[in-house]
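Dear colleague,

Please find below the structure that I am handing over to you.

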Amino acid sequence: MKLTINEIADIAKVAKSTVSKALNGHKGVSEENRRRILELAERLNYEPSASAQALASSKTGTIGLLIPHEAGYSLSGAYWSAIITAIAQAANRRNYSLMILTPVSDDDLASPIEAVIRRRNVDGLIIGAEQIDPGVTSRLIEEEIPFVFIGRNTQVQHYSVDVDNFGGSERLVQWMIGRGYKKIACLSGPAGYLYSQQRIDGYLSALKKAGIDWHDVTHTEYSSDSTQKAVARIVEKYPDLDALYITAGGDFLLDCIDILRLSGKNIKKMGLGAFDDYRFFDYLDIPVCTIRQPLKDIGVDAAEMLFSFLSGSVPREMNKILDVELILR
């Protein structure tokens, strides 16, 4: 017979909620208790309830991917499309199906989570981490639904796959500085996202190392209209701007280029960088320096981390950080 969380709690002499937090990598449990609980789980061959249900032939054979943005944005871009493909292929190799979940609006991730809990239509979840809140993850822990993050979150510490946002950003801006650009503005995504701040920190670090005091960070929402308005404000404020670094997603680069051209800027003399790389950048008539994220590896590694939980084991790493590649054009 496999152990239950209640039995591990009795052996460890802690509350069931403490065991759940330890097994799922959440805060609110001491490091000593976390280590002791994980060692007990491994030694006693603990298997999460979702996997136990699978052995009883009640599994769904489906994993879910919760994308933290409404479908009109997320499914039209290259970033999530590439990750979906990688996760689907990894799931198929294990005879699992993939269900895509998106919220009606970006600020309502609780609804698709509650629907999953009510219907029990997935065995586990991969979740884009940037907008998740502790209340949502607490519901998953209570219901013992395994989940992992793509990206990391400022409020919830959990098993995740992410990229080197700081290092990649720093390398890209250092290259732009090396090309002679001195007045480099930064167009970033929403301020509350951890990866936005990490990329901004990399930008600022590169400027500081080069002895450049001037900097400007402007935030934008994930929409063409918001991006275009933000770029227009930057250009109006700094007529002598010579470079623009976009951390908010490379698919918005075309919006930036449109505004720069309308402003009368000599776009071919400007420095342009983006923390995302797409194939169509090769066909632009202007040089763009980009950071290429290993999107396939992100999807595969997140899926394998989730399947570790589904098989009753604990992933070897809590936060797997993947390197990025600097692409010069």
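The structure, which is a predicted model, holds zero disulfides. Cys 256 takes part in none, and the cysteine sulfur nearest to its own, that of Cys 186, is 11 Å away. Cys 256 is also buried, with a relative accessible area of 0%. For Cys 289, the closest cysteine sulfur is again in Cys 186, at 14 Å, which is too far for a bond. Cys 289 counts as buried because its relative accessibility is 2%, and the cut-off for buried is under 20%.

**Aromatic residues**

A search of the whole structure finds 12 aromatic pairs. One of them joins Phe 147 and Phe 149 in a tilted arrangement, with 5.8 Å from centre to centre and 50 degrees between the planes. Both partners are covered: Phe 147 counts as buried at 0% relative accessibility, and Phe 149 counts as buried at 1%.

Tyr 278 and Phe 280 make a stacked pair, with 5.9 Å between the centres and 15 degrees between the planes. Here Tyr 278 counts as buried at 7% relative accessibility, whereas Phe 280 is partly exposed, with a relative accessible area of 33%.

**A nonpolar surface patch**

Phe 280 also belongs to a nonpolar patch on the surface, together with Leu 254 and Tyr 283. The accessible area of these residues together is about 310 Å². Leu 254 lies in helix α12, which covers residues 253-262.

**Helix α13**

Helix α13 runs over residues 295-310 and has 16 residues. From its first C-alpha to its last, helix α13 reaches 23 Å, close to the 22 Å expected at 1.5 Å a residue. How much of α13 is covered? The helix is mostly covered, since 12 of its 16 residues are buried. Among the buried residues are Leu 295, Ile 298, Val 300, Met 305, Leu 306, Phe 307, Phe 309 and Leu 310, and Asp 301 is also one of them. After α13 comes Gly 312, whose phi is positive, near 95 degrees.

With kind regards

Definitions and conventions:
Residues numbered from 1 in each chain as written. Predicted model: local features only at pLDDT ≥ 70, side-chain atom pairs only at ≥ 80, totals over all residues. Heavy atoms only, no water. Patch = residues over 30% accessible without salt bridge, like charges linked within 9 Å, V, L, I, M, F, W, Y side chains within 5 Å. Areas by Shrake-Rupley, 256 points an atom, 1.4 Å probe, with all protein chains shown as cover. Salt bridge = Lys/Arg side-chain N within 4 Å of Asp/Glu carboxyl O. Helix = DSSP H or I, 4+ residues; strand = E, 2+ residues; numbered from the N terminus. Expected span 1.5 Å × (residues − 1). Buried < 20%, exposed > 50% of the residue type's maximum accessible area, 1.4 Å probe, protein only. Disulfide = S-S within 2.5 Å. Phe/Tyr/Trp six-rings, centres within 6.5 Å; stacked < 30°, edge-to-face > 60°.
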